[in-house]
Number of protein chains: 2
Amino acid sequence: MKSLLLVAHGSRREASNEEVRELARRLASRAHPAFSEVSAAFLELAEPSIPDGIVRALDNGAEQVVVLPYFLSAGRHVVTDIPEEVQKAQSARPDADIRTVSYLGSAEAVLDVLMELANGT
Amino acid sequence: MKSLLLVAHGSRREASNEEVRELARRLASRAHPAFSEVSAAFLELAEPSIPDGIVRALDNGAEQVVVLPYFLSAGRHVVTDIPEEVQKAQSARPDADIRTVSYLGSAEAVLDVLMELANGT
């Protein structure tokens with residue numbers, strides 16, 4: 001089984017963190033059956049951390065954890081910070097299959113979403 | 001003619017701002033002919049500001065300016081700050097047709113994009 005971990009920045013405003021957790025819950029039904037579980041983790045300011053989120057997924061029986069950065073730009077967080085956090089989990093579980101896919105803003109399909117919103121007026 | 005203004009937060013890292021401007025350029029070909037122009041503006045830390053971006057679009061001949069917040073969550077920036085900046089332009093140009101559509105993260109289609117990325121492994 002595969003587990004999908006949606007990784008967001010984390011906010012002091014708890015409603016924003018809850019919005020990400022709710023997104024993970026909504027994603028779960030679409031992700032099934034490719035992913036048996038979808039959860040959220042945060043780079044900072046909210047729980048769980050990225051390593052905790054990964055280890056929790058592994059403890060829940062995941063054979064592979066896919067980390068998906070919920071970020072719009074390839075800044076320091078995406079390029080450096082998230083890989084470092086993922087590496088902490090990999091070091092704790094050397095045999096685990098942990099992969100990080102490209103961040104949301106990198107997807108060409110975001111352009112289609114933007115046009116849908118723009119044309120909504 | 002309509003003009004689309006993609007509004008991002010703005011970053012101290014100029015490459016991130018340029019990434020948003022590049023996104024606006026890529027969006028332009030899809031937006032045509034519904035929108036004759038697509039440009040970028042920033043809430044802070046980069047130029048142009050939101051009011052400047054709106055006024056510039058009007059000066060370029062736009063009969064309607066559509067403001068699209070390139071944000072993932074409905075935090076203070078989306079709820080309060082962007083509307084305040086848009087209002088500045090509206091006050092400067094009381095007769096102008098300026099509309100703000102919903103922010104990127106609000107679109108249900110973002111879920112599809114996330115699943116495409118997740119399945120890319």
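In chain A of this predicted model, A:L45 lies in the loop between β2 and α2, where helices (H or I, at least four residues) and strands (E, at least two) are DSSP runs numbered from the N terminus. A:L45 has a positive phi of about 70 degrees, although the residue is not a glycine. Residues are numbered from 1 along each chain as its sequence is written, chains are lettered from A and ligands numbered from 1 in the order in which they are written, and side-chain values use heavy atoms, with hydrogens and water left out.

**Interface of chains A and B**

- Chain B brings 43 residues to the contact and chain A brings 43 residues, contact meaning heavy atoms within 4.5 Å.
- About 3,600 Å² is buried between chain B and chain A, and carbon and sulfur atoms give 68% of that area; buried area is the accessible area (1.4 Å probe) that two parts lose on being put together, summed over both.
- On the side of chain B, the most area is lost to chain A by B:R30, B:L72 and B:L117, which together account for 17% of what that side buries.
- Across the interface, 12 residue pairs are in polar contact, both residues being at pLDDT 80 or more; a polar contact is a pair of N or O atoms within 3.5 Å, where within protein one must be able to donate a hydrogen and the other to accept it, and residues adjacent in sequence count only if both atoms are side-chain atoms.
- In chain B, β1 (2-8), α1, β3 (64-69) and α4 (109-118) each supply at least two residues of the side that touches chain A.
- Of the side of chain B that touches chain A, α4(B) gives the most, with 10 residues.

**Packing of α4(A) against α1(B)**

- Helix α4 (residues 109-118) of chain A packs with helix α1 (residues 14-31) of chain B at an angle of about 65 degrees, their axes being 10 Å apart; axes are lines fitted to C-alpha atoms, for helices over the stretch in contact, and angles run from 0 to 180 degrees between N-to-C directions.
- From α4(A), A:L111, A:D112, A:L114 and A:M115 meet B:L23, B:R26, B:L27, B:R30 and B:A31 in α1(B).

**Salt bridges**

- Six salt bridges are counted between chain B and chain A, a salt bridge being a side-chain nitrogen of Lys or Arg within 4 Å of a carboxyl oxygen of Asp or Glu.
- One salt bridge joins the side chains of B:R30 and A:D112 (2.3 Å, N to O), and this pair crosses from helix α1 of chain B to helix α4 of chain A.
- The side chains of B:E108 and A:R26 also meet in a salt bridge (2.8 Å, N to O).

**Cis peptide bonds**

- In chain A, the peptide bond from A:E47 to A:P48 is cis, with omega near 0 degrees, and A:P48 is placed in the loop between β2 (37-42) and α2 (50-59).
- In chain B, a cis peptide bond with omega of about -5 degrees joins B:E47 and B:P48, and B:P48 is placed in the loop between β2 (37-42) and α2 (50-59) of chain B.
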